[in-house]
Amino acid sequence: MKNTPEDLAAIPLFDIPVAAGFPSPAENSIEQKLDLNCHLIKNPAATFFLRVSGDSMQGAGIHNNDLLIVDRSLEPLSGRIVIASVNGELTVKRLKREGPKWWLVPENSKYPPIDITEEMELRIWGVVTYAIHSSL
Amino acid sequence: MSYFVLADCNNFFVSCERLFNPKLEGHPVVVLSNNDGCVVARSAEAKCLGIPMGAPFFQIRDLCRTHNLIALSSNFPLYADLSDRVMQILIEAVPDIEIYSIDEAFLLFPSQQPIDELVRYCQEIRGRVKRWTSIPLSLGIAKTKTLAKLANRMAKKSTQSVFDLTNSINVTAALQQTDVGDIWGIGRRLKERLHTLGMRSAQKFVEMDPVRVRKLFGIMGERLWSELQGISCATIEEEQPKQSITCSRSFGKLIGSLDELAEPLATFVHNSCEKLRRQNSMARSLLIYCETMVDASVNRRGYYSQHIVLKAPSSDTSYMITEAKKGLSQIYQKGLLYKKCGIVLLDLINEGSVAPDLFTTNQDPKRSHLMHTIDELNARFGKKSVFFGAMGVDPKWTPSCENRSQEYTTCWEQLATARA
């Protein structure tokens, strides 16, 4: 079979025609060459998926109902988008440092930045590596 | 000689629950067994309230009101996923590892390694597991598995997360303060025998003459004695195929009719046959059993069982379901209310060692191909993507789990929410 542009665009799961009946994944190798999992997830043991609720990160291209890929093994550096546990709730914000002060900054002018203080029950949960947005 | 390290997750099920529900942090939390029967995991705060392991839930229910105790139904898909991640990290850090249970693994290190370096490395592993998965580990280092188990216990009792029990002076001190019954491998009966012989602390047992140990407690006792002396009798073991496979569950409500009772039974056959095929075994017989409400007034027993010898070894789900249902109709009694049933696959042998039999149909290669295809599909598309009609479409028997958390890591519809 020659690879026409249509063939390349499709991602076949098994290399047998559907008409042949019951597919046997054990015997037929998977032809798919690009694995999105490998591309998006560098450390599977430390990677979790979370669902976004709210619009405070619109400016960073993170919308309500988006899927977040979160890697807990990455360093929460200033400037990275993180999941933080604030007073018992998981929230997504951009982590910012100004001198000795740390902030959780939303990317929507409707919301104020959160000043991280000593008394807060706050923990950085993980670092957001990708946000997946459905166009449908 | 090598060093054994037992890595054990602290309050594992509770720690898993806390990952996605930070509100549970600092609160007393327990996780209940299937059917919300009794306590199977406790947070440190719950232990402080004096809740014993295995406590029936009804006995501690009031603490939810009086002490803000949170009781959760068990969420095994979540625990299994996090266990898998912890073990992945351990395997990458240490090549020689024996996964001992859902939350424990033995790690093997060459003894040439300086001990302070090993302690540091264990602390590093602990930090990594904690950061990547949030699960806290305790690690006990010793010269034998039995002592590593004890070292882990010492780690949990102290505030150190890594406990070094390689030094013989420390071993003696630890054995002196440990009841002999708390030693790994000493069961209730052996403990009672040792207590009557005046041996309360584990150190007393170790001080016994080895010839006498062997005479009184046999080869197993002698092995245990050597292990406590720091002489290793065990190595890291490869996973052995199981000799029997059990699957049983209490129902969420009492069941009276034979048809309704057959559905959970078929489900347990399906699950256990899947496990059977995964380890490339076949069963030669199966035991099915049911439990009813005990009624002492009419002297009614609560347990009925039937042992079925198969015509030929099999791992074929549909054949086994047929046989199990035949057995069930033998022990079923109209009018009784059933609360639990189960199946045990027995007499397991390796698939390869089964002699082909011309007169039975259940070794048809087409059938075994079908079974493996079903397993592949279920592995790929999720449990019960393909199942047998006998299991029922809308099971009414499933155990109650009133306060179960979401399947945060195994179900797209149940991911945790991040507020934006």
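In chain B, Lys145(B), Thr146(B) and Leu147(B) of H6(B) meet Leu224(B), Glu227(B) and Leu228(B) of H10(B), contact being heavy atoms within 4.5 Å. The residues of this contact divide into 3 nonpolar, 1 polar and 2 charged; Ala, Val, Leu, Ile, Met, Phe, Trp, Tyr, Cys and Pro count as nonpolar, Asp, Glu, Lys and Arg as charged, and the others, Gly among them, as polar.

A word on the source. This is a predicted model, in which local features need pLDDT of at least 70 and side-chain atom pairs pLDDT 80 or more, while totals for chains, interfaces and linings use all residues. Residues are numbered from 1 along each chain as its sequence is written, chains are lettered from A in the order in which they are written, and side-chain values use heavy atoms, without hydrogens and water.

Back to the helices. H6 of chain B covers residues 145-157 and H10 of chain B residues 210-229; helices are DSSP runs of H or I, at least four residues, numbered from the N terminus. Their axes are 7 Å apart, at an angle of about 60 degrees.

Now the interface. 27 residues of chain B are in contact with 40 residues of chain A. The two chains bury about 2,800 Å² between them, 58% of it on carbon and sulfur atoms; this is accessible area lost (1.4 Å probe), summed over both.

Which residues of chain B lose the most area to chain A? Trp132(B), Arg419(B) and Ala420(B), together 24% of what that side buries. Arg419(B) also forms a salt bridge with Glu89(A), the closest N and O atoms being 3.6 Å apart; the rule asks for a side-chain nitrogen of Lys or Arg within 4 Å of a carboxyl oxygen of Asp or Glu.

Conventions:
Axes are lines fitted to C-alpha atoms, for helices over the stretch in contact, and angles run from 0 to 180 degrees between N-to-C directions. Helices (H or I, at least four residues) and strands (E, at least two) are DSSP runs, numbered from the N terminus.
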